[in-house]
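Biologist: I'd like to learn how to read a model like this one. Could we go through it together?

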Amino acid sequence: MEILRTENLCKTYGSGEYAVHAVNNVSLSVEKGEFVAIVGASGSGKSTLMHLIGGVDHPTSGKIFVDGHNIGAMNADKLAIFRRRQIGIVYQFYNLIPILTAEENIMLPWNLDGRAKDENRLNELLNALNISDKRKCLPNELSGGQQQRVSIARAMINHPALLLCDEPTGNLDSKATEDIMHILRLANRDFHQTIVMITHNLEIAKDADRIIRIQDGKIEEV
Ligand code: ADP
Ligand code: MG
């Protein structure tokens with residue numbers, strides 16, 4: 001079953017002779033349960049593509065379907081709710097709220113949604129990601145790898161259709177990188193989480209089921 005499809009997706013910055021075709025006519029499809037890596041050099045359009053897929057940015061042209069929903073056709077309110085429930089995003093620099101504990105950061109999508117705490121789901125993720133003993137810690141009391149695990153838990157808490165990761169290990173040493181990649185494989189295998197991971201590092205991409213290369217905004221499958 002298809003969970004993500006883009007059709008002739010384009011994002012152009014600037015115009016005329018200064019136009020940058022950051023994403024150039026990208027059509028791709030991801031099946032439910034797949035772990036896909038999108039690999040490309042710096043400036044190839046990876047982050048732009050991820051922001052379009054995640055509904056954070058609007059395409060210049062083209063369409064994006066997440067779980068059959070055309071996200072470009074949603075109004076801002078509907079899209080905000082859809083994103084919160086169906087799209088989890090993990091960034092290179094974790095983006096945790098510094099004044100909230102690990103547990104409070106993870107529960108943020110519930111609180112924003114006005115939902116009650118689900119102790120089972122919270123414990124399931126804290127245990128799987130091996131951060132149960134860190135639940136009361138503030139982000140600055142955690143290592144980079146631990147902070148990234150908190151951010152992955154936050155992104156997965158609502159059972160999103162898609163987990164998008166932009167250079168999730170880009171700020172980590174080799175040990176923590178291995179650890180985060182192990183966690184992502186586990187999320188994919190045991191939680192059946194569909195993952196689209198963006199990286200400039202082909203070694204890391206080899207952990208995925210499928211690699212898509214991006215160069216100058218255009219994609220090719222490997
Ligand atoms: P990557 O994540 O692969 O490094 P980006 O998606 O960040 O690539 O950038 C792709 C291209 O688009 C680059 O040439 C970059 O300079 C350009 N770009 C990205 N964001 C903007 C922006 N807000 N305004 C103008 N150009 C941008
Ligand atoms: Mg980038």
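Modeller: We'll take the sheet, then the ligand, then the rings. This is a predicted model, where local features need pLDDT of at least 70, side-chain atom pairs count only at pLDDT 80 or more, and totals for chains, interfaces and linings use all residues. Residues are numbered from 1 along each chain as its sequence is written, chains are lettered from A and ligands numbered from 1 in the order written, and side-chain values use heavy atoms, with hydrogens and water left out.

Biologist: In what order do the four strands of the open sheet run?

Modeller: Strands of a sheet pair through backbone hydrogen bonds, either parallel or antiparallel. Here strands are DSSP runs of E with at least two residues, helices are runs of H or I with at least four, and both are numbered from the N terminus; two strands pair if DSSP finds at least two bridges between them. The order is E2-E1-E4-E5, with antiparallel pairing. E2 and E5 (69-70) are the edge strands, each pairing on one side only.

Biologist: How many bridges join E1 to E2?

Modeller: Nine, with the two strands antiparallel. Lys11 has Val23 in E2 as its bridge partner. Their hairpin has six residues between the strands, and Gly14 takes a positive phi near 70° there. On to E4 (residues 61-66): E1 (residues 2-13) pairs with E4 over five bridges, and Leu4 stands opposite Val66.

Biologist: Now the ligand. Which residues surround ligand 1?

Modeller: A residue counts as near if one of its heavy atoms lies within 4 Å. The shell includes Tyr13, Val20, Lys46 and Thr48. By class, that shell has four nonpolar, six polar and one charged residue, with Gly counted as polar and Tyr as nonpolar. Helix H1 gives the most, three residues.

Biologist: What polar contacts does an oxygen atom of ligand 1 make with Gly43 and Thr48?

Modeller: A polar contact is a pair of N or O atoms within 3.5 Å. A ligand oxygen is 2.7 Å from a polar backbone atom of Gly43, and one is 2.6 Å from a side-chain N or O atom of Thr48. Taken alone, ligand 1 exposes 560 Å², and the protein buries 57% of that (Shrake-Rupley method, 1.4 Å probe).

Biologist: Last one: which residue lies over the face of Phe65?

Modeller: A charge sits over a ring if NZ of Lys or CZ of Arg is within 6 Å of the ring centre and within 35 degrees of the ring normal. Arg5 is the one, at 4.7 Å from the ring centre.

Methods: Polar contact = N/O pair within 3.5 Å; in protein donor to acceptor, adjacent residues only side chain to side chain.
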